[in-house]
Amino acid sequence: MPELNPDLLSIDRGLVTSPAGCGKTHLISVSVKNHQETKPILVLTHTNAGVAALRQRFHKAGVSSKCYRLSTLDGFAMRLVGSFPFRSEVNPDILKLENPSQDYTDIKNAACHLLSQGHIQDILFASYARLIVDEYQDCCIQQHRLVALMASVLPTCILGDPMQAVFGWLGLPNWTADVCAKFPVVAELNIPWRWRNAGTEEFGLWLLDVRKKLLDGEPIDFKDSPNEVTWVDLEAADNCHVCQLSAARIRAPSSEGSVLIIGSGLNPPAQRKFASQVPGTVTIENVSLEDFIDFAKCFDCSSPEALNQLIDFYSKVMRNVNRQRFLKRVSSLEMGRARNPASEAENAALRFKAEQSPATAVDLLVALNKDASVTCYRPLVLRACIKSLNACSCTDGNSLYKAAICVREQNRLLGRSLPKRAVGSTLLLKGLEAEVSVILNAADHDENSLYVAMTRGSHRLTVCSHSSVWDR
């Protein structure tokens, strides 16, 4: 058995296999903290959620920001292409990501071209001491090629677990033939530290056994589980949605704890519906912010429908918004028919109708947000809208869209905060950990997605399904 606590700083080229919760993030943070060289370590991972989790762990461990540079793989590829557009031999407009599926592919290919042509090896070597890549199981073939090219310049350690691969549609390299051939296994972590530290080690050991069963194609019986696991029978429920809502309202054991509610990745509107119906819950947004970008592309401050569009947008990010009543009140006030005086938000709406500018649109959103009866369940989208409106111009009809693209890319680089109670898919919650995880329907998940979902919570797991037995 390989050693369980490898020194990542001593690995020239290798792979550390790391089941969920077995200390991988801690191992990375300790290694980066122990880094003594002048040049920083380049740390890359797959998702913005993973970046946020690593940044939080580094901060908690007291790791100096001088020791590392942290980014997603795609974010780093974008930085390379943006820094060397001529040598990348692509149109710099692909960095706008107006056609994300194709643009990301072209960006990764361009970054690989840069490295394969030997254009920036010296710059990489001069900039970084070594490379650590987390969540390697989700690297697509192009990302694997990019890392392999960088590994010819920098000492490189990758960490991952094939059981947590949930981005299969991107085209993943074969774990044995491609990944392990380039990066031989140097260690395998097998102590469930997340659960041991939480005082729920039996739960953690059971999850390791679940992982083995899933790898071997065996069924999982949720009734045959430790006390930390609750199975919710949807088959016996009078109303499945109400039953799932009840399960999603579970409290974390501690006041500082968090709850992750995991839904189907194929149905983002359903995730938003759950967030809107469970108090204190927010959605984890896809970094592409597609519906906001669509709004920014279509919204025109000068349009007669601008107020309707703005209130419609607002109603899709806030709870308890009565869109029709608000618009009716504004119309009555405008025509002098209203008996009751205007509220702050209604006055802001009247000012917007009179001026219809980005500034008055921001004033309206801010005034609406002061209403104590409404709460935001999509704060990232609301903040992105306000920030974009503040940045755009009255004279350029396409200005809001351009500003929205810039804000989206800023969010992509910064990562995102980890809320106390969140709804998302395994794709968006992957890399995050909480005290409690809730799976809204086990049937929505394949074995990899199910394993990722089951391992998000350190104290408790609630699984909703129509059968206590999950089988592929």
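Three bridges join strand E4 to strand E5 (residues 156–160), and the two strands run parallel. Helices (H or I, at least four residues) and strands (E, at least two) are DSSP runs, numbered from the N terminus. Two strands pair if DSSP finds at least two bridges between them. Within E5, Cys157 is the bridge partner of Ile132.

This is a predicted model, in which local features need pLDDT of at least 70, side-chain atom pairs count only at pLDDT 80 or more, and totals for chains, interfaces and linings use all residues. Residues are numbered from 1 along each chain as its sequence is written, and side-chain values use heavy atoms, with hydrogens and water left out.

**The first sheet**

E4 and E5 belong to an open sheet of six strands in the order E3-E2-E4-E5-E1-E6, with parallel pairing. Strand E3 (68–72) and strand E6 (185–188) stand at the edges with a single partner strand each, so one side of each has no neighbour in the sheet. On average, neighbouring strands of this sheet are turned by 20 degrees against each other, direction ignored.

| Strand pair | Bridges | Residues facing each other |
|---|---|---|
| E2 and E3 | five | Leu44 and Ser71 |
| E2 and E4 | four | Ile41 and Arg130 |
| E14 and E15 | five | Val436 and Arg460 |

Both faces of E4 are covered: Arg130 and Ile132 on one side, and Leu131 and Val133 on the other, are all buried. Buried means under 20% relative accessible area, exposed over 50%, and partly exposed in between (1.4 Å probe, protein chains only).

Strand E2 covers residues 41–45. Helix H3 (residues 73–83) packs on the sheet and touches E2, E3 and strand E4 (130–133), and its direction makes about 105 degrees with that of E3. Contact means heavy atoms within 4.5 Å. Axes are lines fitted to C-alpha atoms, for helices over the stretch in contact, and angles run from 0 to 180 degrees between N-to-C directions.

**Helix H17**

Helix H17 has twelve residues (358–369), which should span 16 Å at 1.5 Å a residue; the end C-alpha atoms are 17 Å apart, which agrees. The expected span is 1.5 Å times one less than the number of residues. Among the buried residues of H17 are Pro358, Val362, Leu365 and Leu368. The buried residues of H17 pack against helix H14 (306–315), helix H15 (323–334), helix H16 (344–355) and helix H18 (379–391).

**The whole chain**

The chain has 21 helices and 16 strands. Of its 472 residues, 52% count as buried. The C-alpha trace spans about 80 × 60 × 40 Å along its principal axes. A compact globule with 472 residues would have a radius of gyration near 23 Å, and the chain has 24 Å, which agrees. This radius is taken over C-alpha atoms, and the globule rule is 2.2 Å times the number of residues to the power 0.38. Of the contacts in the chain with a separation of 6 or more, 76% come from residues 24 or more positions apart.
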